[in-house]
Amino acid sequence: MCTAKQDILGIALLFGMLIPSSAQDRPDGFYKDLFMDSGIMLTSRTDLPSARLAGFSMECFISTPHSYTEKYSFTATDSILQEQLIGGSAIDENGILLYPDGAPRFRAVYVNGGRAGSHGKSLGDKGRNSYRTFVANGGGYVGSCAGAFIASVGTKLPDKEEKLYTSYLGIWPGYATSTGLEKSSTKVDIEPGSPLLNYYQFGGKMTIDSVRHNGGCYANLTYKCPERTEVLARYSTPADKPKRNIVGEPVVWAYKDSPTSGRVVLCGSHPEDICEGPRLELTAAMLKYAMDGYSLPQIKGVLEPGIPRIMKCYTHDNNPEFTRIGDKQYHHFAIDVPEKTDTLTIQLSPLLGYKDFDLYLFANPQQLAFKDKSMFSNITLGSHKQLIINKPKAGKLYVSVFCDTTVDVIQTRYGTQYVGRTDVLNGVPYEINVRLSRHSQKR
């Protein structure tokens with residue numbers, strides 16, 4: 001049986017290098033905070049009040065509304081737009097959830113209620129793999145009702161065999177159990193010591209009343225439950241008598257597979273459409289907890305003096321350490337500065353045809369460099385940059401490249417669509433080079 005456990009703390013390693021601890025609590029390097037999936041066979045939600053409460057920037061895809069009682073009215077446009085946005089297209093090979101190197105472009109995604117299996121099928125292999133890559137590489141995931149079902153590997157009823165679904169994402173590798181309760185509500189008990197209490201106090205009460213419930217689920221803790229499953233809240237007394245006893249079962253739970261993966265936060269009920277009070281705060285707390293589980297930044301590699309590093313690969317080259325940079329993304333590098341270095345020069349240059357992008361250059365000793373926290377910076381417009389550091393301290397120097405060029409957005413009936421500098425979506429290639437000059441060893 002699973003028990004609530006704290007995330008295993010770790011240090012991300014790449015090329016045998018440690019990420020400095022002082023940079024581990026930074027959420028920098030994302031295009032925006034949240035992407036909301038209101039796609040095919042999901043509730044066509046246009047607004048998420050909890051995102052506004054928390055002050056999160058958000059984009060969304062909204063399919064044609066559907067009804068459970070009437071014939072579905074989805075069109076070819078719904079399918080094409082969803083496929084191109086999530087799965088990728090010619091102008092955005094990796095899809096909007098991911099940067100060209102596979103890193104998460106948003107801090108988290110929120111998936112609405114609806115029909116989990118049908119939405120999973122509509123995503124196709126590419127769309128489902130985009131979601132899996134997003135979480136595996138550090139993005140947070142929040143899902144309610146169908147959004148919780150689809151995050152699992154399948155369903156398990158108490159008196160039935162388990163059912164595995166290839167249309168599900170499996171980002172929480174456990175089984176969801178249907179409550180059998182529809183068009184009703186329940187009370188929700190916040191688990192003692194729940195990390196949700198780090199964000200809100202829910203009116204000073206540990207029980208939240210009247211949380212809407214319609215065909216949702218709970219985390220099955222007795223059948224093949226993943227060890228790192230963390231219970232955040234449990235069902236209390238339901239308004240109506242469900243088909244099976246759900247009191248005490250997890251209604252909100254979380255899972256984080258590794259230090260470099262994102263945190264998955266799932267809810268079997270529907271607090272997300274409320275605009276005030278503890279139910280609003282519950283959804284906002286779930287979003288914040290998912291976002292606070294973001295992956296630690298990873299170093300692309302060590303820059304060797306006199307050896308240019310060319311970052312020009314596309315997504316399909318499957319070489320993330322040498323892949324182009326995306327909009328509002330950082331690429332982090334390191335330099336081993338030897339003793340008695342007189343001058344260190346870092347040169348950033350565009351490749352042919354890509355000078356019309358704004359790439360910034362930063363450097364910091366001992367910790368990752370960000371534009372609002374770096375000892376050395378060059379934020380002039382354009383792609384050509386140079387940093388000259390006189391008498392740098394011996395040891396590790398961290399360097400970052402930041403792409404400030406991004407798309408413009410317009411709001412349509414299908415949600416957010418991109419215009420303007422869409423050429424940034426497949427990434428911007430560049431070359432970075434380091435030169436050292438050292439004191440003469442002669443006396």
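These notebook entries record what I looked up in a predicted model.

**Ground rules.** I number residues from 1 along each chain as its sequence is written, and side-chain values use heavy atoms, with hydrogens and water left out. Because the model is predicted, local features need pLDDT of at least 70 and side-chain atom pairs count only at pLDDT 80 or more, while totals for chains, interfaces and linings use all residues.

**Entry 1, largest pocket.** I began with the pockets. On a 1 Å grid over the protein atoms alone, a pocket is an open set of points where a 1.4 Å probe fits, with protein on both sides within 12 Å along at least five of seven lines; lining residues have an atom within 4 Å of a point. Grid points are joined across faces, edges and corners, and a volume is the space filled by probe spheres set on the points. The largest pocket holds about 840 Å³ of space. I counted 32 residues in its lining, and G114, F149, S178, E182 and G215 lie nearest the centre. α3 (116-136) and α4 (146-149) are the elements that give two or more residues to this lining. Helices (H or I, at least four residues) and strands (E, at least two) are DSSP runs, numbered from the N terminus. By class the lining has eight nonpolar, twelve polar and twelve charged residues. For these classes, Ala, Val, Leu, Ile, Met, Phe, Trp, Tyr, Cys and Pro count as nonpolar, Asp, Glu, Lys and Arg as charged, and the others, Gly among them, as polar.

I noted a volume of about 530 Å³ for the second largest pocket. Its lining has 26 residues, with D101, A103, L296, P297 and Q298 nearest the centre. β16 (299-302) and β18 (330-337) each supply at least two residues, and β18 gives the largest share, three residues. The classes here are twelve nonpolar, nine polar and five charged.

Buried (under 20% relative accessible area, 1.4 Å probe, protein chains only) are D78, L81, Q82, L85, I86 and G87. These pack against β3 (32-38), β4 (58-62), α3 and β25 (415-419), where contact means heavy atoms within 4.5 Å. G88 follows α2 and has a positive phi near 115 degrees.

Which way do the residues of β15 point? R263, V265 and C267 point one way and V264 and L266 the other, and all are buried. Two strands pair if DSSP finds at least two bridges between them. β6 (residues 140-144) runs parallel to β15, with four bridges, and G143 stands opposite L266. β14 (residues 250-256) pairs with β15 in the antiparallel sense over five bridges, and W253 has L266 as its bridge partner. Six residues lie between β14 and β15 in their hairpin.

I looked at K183, which is not a glycine but has a positive phi of about 45 degrees. K183 sits in the loop between β9 (175-178) and β10 (184-190). Its relative accessible area is 74%, so K183 is exposed (over 50%). K340, also not a glycine, has a positive phi near 60 degrees, and I found K340 in the loop between β18 and β19 (341-350).
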